Amino acid sequence: MEFFYAPLLCVFVSVISLSLHLLFYKTRTTSAALPPGKTGWPVLGESLEFLSTGWKGHPEKFIFDRMARYSSHVFRTHLLGAPAAVLCGSAGNKFLFSNENKLVQAWWPSSVDKIFPNDNSQTSSKEEAIKMRRMLPTFFKPEALHRYVGIMDQIARRHFADGWDNKQDVVVFPLAKNYTFWLACRLFLSVEDPAQVEKFAAPFNLLASGLISIPIDLPGTPFNKGIKASSYIRKELMGVIKQRKQDLADGKASPTQDILSHMLLTSNEDGKFMQESDIANKILGLLIGGHDTASSACTFVVKYLAELPEVYQGVYKEQMEIAKSKGEGDLLNWEDLQKMKYSWNVACEVLRLAPPLQGAFREALADFTFNGFSIPKGWKLYWSANSTHKNSDFFPEPEKFDPSRFEGSGPAPYTFVPFGGGPRMCPGKEYARLEILVFMHHLVTKFKWEKIIPDEKVVVDPMPIPAKGLPIRLYPHISQN
């Protein structure tokens, strides 16, 4: 859920009185040791500006303006209704990633719990998230990932046959979401029937919109629709879970076929198994985390390959060599993906310039000092991918698309952070690599294309998305292997 609590719910209508807010800041700002910066408007702080730079397609502007004005290492602001410090650059990333659960911990707004409710009153949402992260490495270990490549290839073939073949024009972002969501349903739940996948897809869009809306729970608001969509999906998941339990008991399902079976059959240290409602909530979070960020990455791969014919040609050459090495009907395998070195360098450069995860919040567990400034306990902390990704100190000519940055040993540590870092690094990083590369393989071996809207605006809310979904015109290759 890392990407949910970046700039998701930045406009808070606070119930606390203005006088208490001002008193709080009068008390805090007497300390000269606090980082330089400003707190903006009462109650709202600088949240509107924080969000609006993303809406305008330049989320890095909020960060870089303040780095230039106050400090290139750390500055003070006020976001999500709370005082916050933004730690910048590779040193800031290293500090936060290295001190996870020591000086800092994950944080997201309490309103997120309304969409992802925790039915286990004995543990907090944070504790449940920690349990989930401990479980995921089993699902994403190398031997499991090897098995997924062929499945991903099968789904990709069906996806391109249904949504791309024999089409003159397509809109990329909805198609990319369909592809990544289909994969998530198949690999997490063994659901691959397009009708059943579509049944989940529509409410998931409402849920995602609710997560990035103002948290006002009134009928008709996006937040209210998100809560209702979450309830509907969890109800549907409960049906899938009950059927799986029966299938496992009858020997019709395998204990190792997907993460749902793993959750049903794995007990904790006390020998207790997860409740069905807990499993539904965790699967719900996985389905979102497993497809939203990758769909953004796939979309921007299409965008940049349309704009950069020489880069397209390099990817096409590499992918056609792999395609020509395959027999009729042969699926892609792990070894094939290891040959896609240039393609992955291109994907990494896409992730640098348009990171799906713009950054994330932490909370200070104790008072500490960073770069000579005092950070009080309870303050919210934010790291921004763009503070390094688009910083010439770390990436010369940062606006230039240059896949060679990732050759050899690649970027310096803590500078390329599209998946976060430290204990909270996205556990699905390698899974995302596979689904992006499989998508690229089928895309370039089938088509060339051009953008229908050459100067289409990009909005970041909270992930980067072309404003019109990236409509393109397809030109199928005459000869295909």
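User: Are Phe-361 and Tyr-382 buried or exposed?
Analyst: This is a predicted model, in which local features need pLDDT of at least 70, side-chain atom pairs count only at pLDDT 80 or more, and totals for chains, interfaces and linings use all residues. Residues are numbered from 1 along each chain as its sequence is written, and side-chain values use heavy atoms, with hydrogens and water left out. Buried means under 20% relative accessible area, exposed over 50%, and partly exposed in between (1.4 Å probe, protein chains only). By that rule, both Phe-361 and Tyr-382 are buried.

User: How many aromatic pairs are there?
Analyst: Rings of Phe, Tyr and Trp (its six-membered ring) pair if their centres lie within 6.5 Å; planes under 30 degrees apart count as stacked, over 60 as edge-to-face and the rest as tilted. The count by this rule is 20 aromatic pairs.

User: Which residue pairs with Phe-95, in a tilted arrangement?
Analyst: The ring centres are 5.1 Å apart, with 55° between the planes. Phe-95 counts as buried because its relative accessibility is 16%. The partner is Phe-370.

User: Why is helix 4 largely enclosed by the rest of the structure?
Analyst: Helices (H or I, at least four residues) and strands (E, at least two) are DSSP runs, numbered from the N terminus. Helix 4 covers residues 89–98, and its buried residues include Gly-92, Phe-95 and Leu-96. It is largely enclosed because the buried residues number 7 of the 10.
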